[in-house]
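Take a look at the chain below.

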Amino acid sequence: MDNNQWFLFSGIEHKEMKTASYCLDYITWDNTNWTAIFHDGYFVHYRNGDKNNCHTEDYLYYKDVNFNNFRLDIKGDKIFISPNGDLSKSREVDFIEYIGWDGKKWRAELLRLINNLHPNL
């Protein structure tokens, strides 16, 4: 899979922690661990990171850093969050703050990679 959407992660409690990946490890509303990859307008969700146990959706349900339920939508290069999945309360944000599998509080923002920046290399 040619993954065209990456995330830039930074620790909220430990700001020196930074990394980038196309995988988002998060806790969903029922407190289970999931991994998501965002590709071509859809999230591919893997329960416990198991690629044999997956499904696709155009949204993602996650727990924020205060353990509140949110829905995440990505439209183009914009992030939208909706408390409790209520789309009438959806708002555009620059990043999400969420609880990762490791129990740490993380901030994730979209990172666009530039294709063919050095086509001769």
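The paragraphs below go from the whole chain to its details.

This is a predicted model, in which local features need pLDDT of at least 70, side-chain atom pairs count only at pLDDT 80 or more, and totals for chains, interfaces and linings use all residues. Residues are numbered from 1 along each chain as its sequence is written, and side-chain values use heavy atoms, with hydrogens and water left out.

Begin with the secondary structure. The chain has zero helices and 12 strands. Helices (H or I, at least four residues) and strands (E, at least two) are DSSP runs, numbered from the N terminus. Along the sequence the pattern reads β-β-β-β-β-β-β-β-β-β-β-β. Contact means heavy atoms within 4.5 Å. Among the contacts in the chain with a separation of 6 or more, 41% join residues 24 or more positions apart.

Next comes the surface. Of the 121 residues, 36% count as buried. Buried means under 20% relative accessible area, exposed over 50%, and partly exposed in between (1.4 Å probe, protein chains only).

Now go inside. In soluble globular proteins, nonpolar side chains tend to be buried together. A nonpolar core here is a set of buried Ala, Val, Leu, Ile, Met, Phe, Trp, Tyr and Cys residues joined through side-chain atoms within 4.5 Å. The largest one holds 21 residues, and Leu24, Tyr62, Leu72 and Tyr98 touch the most other members. Elements giving two or more residues to this core include β1 (6-11), β3 (23-27), β8 (69-75) and β12 (105-111). What does Leu72 touch, not counting residues up to four places away in sequence? Its partners are Leu24, Phe43, Tyr59, Leu60, Tyr62, Ile79, Phe80, Ile81 and Ile96.

Rings of Phe, Tyr and Trp (its six-membered ring) pair if their centres lie within 6.5 Å. The structure holds six aromatic pairs. Trp29, Tyr59 and Tyr61 form one aromatic cluster. Two rings also carry a charge over the face. The criterion is NZ of Lys or CZ of Arg within 6 Å of the ring centre and within 35 degrees of the ring normal. Lys51 sits over Tyr46, at 5.9 Å from the ring centre. Arg107 sits over Phe95, at 4.1 Å from the ring centre.

Turn to strand β1. Trp6 is found there. Trp6 counts as partly exposed because its relative accessibility is 24%. Its C-alpha atom is 4.2 Å from that of Tyr22, 16 residues apart along the chain. Ser10 is buried, because its relative accessible area is 14%. Leaving aside neighbours within four places in sequence, Ser10 contacts Met17, Lys18, Trp106 and Arg107.

What about the cysteines? A disulfide is a pair of cysteine sulfur atoms within 2.5 Å. By this rule there are zero disulfides. Cys23 is partly exposed at 25% relative accessibility, and Cys54 is partly exposed at 40%.

Finish in the loops. Most residues other than glycine have a negative phi. Asn48 has a positive phi, near 55°, and is found in the loop between β5 (42-47) and β6 (54-57). Asn84 also has a positive phi, near 55°. Asn84 lies in the loop between β9 and β10 (91-93). With a relative accessible area of 55%, Asn84 is exposed.

Methods: Rings of Phe, Tyr and Trp (its six-membered ring) pair if their centres lie within 6.5 Å; planes under 30 degrees apart count as stacked, over 60 as edge-to-face and the rest as tilted.
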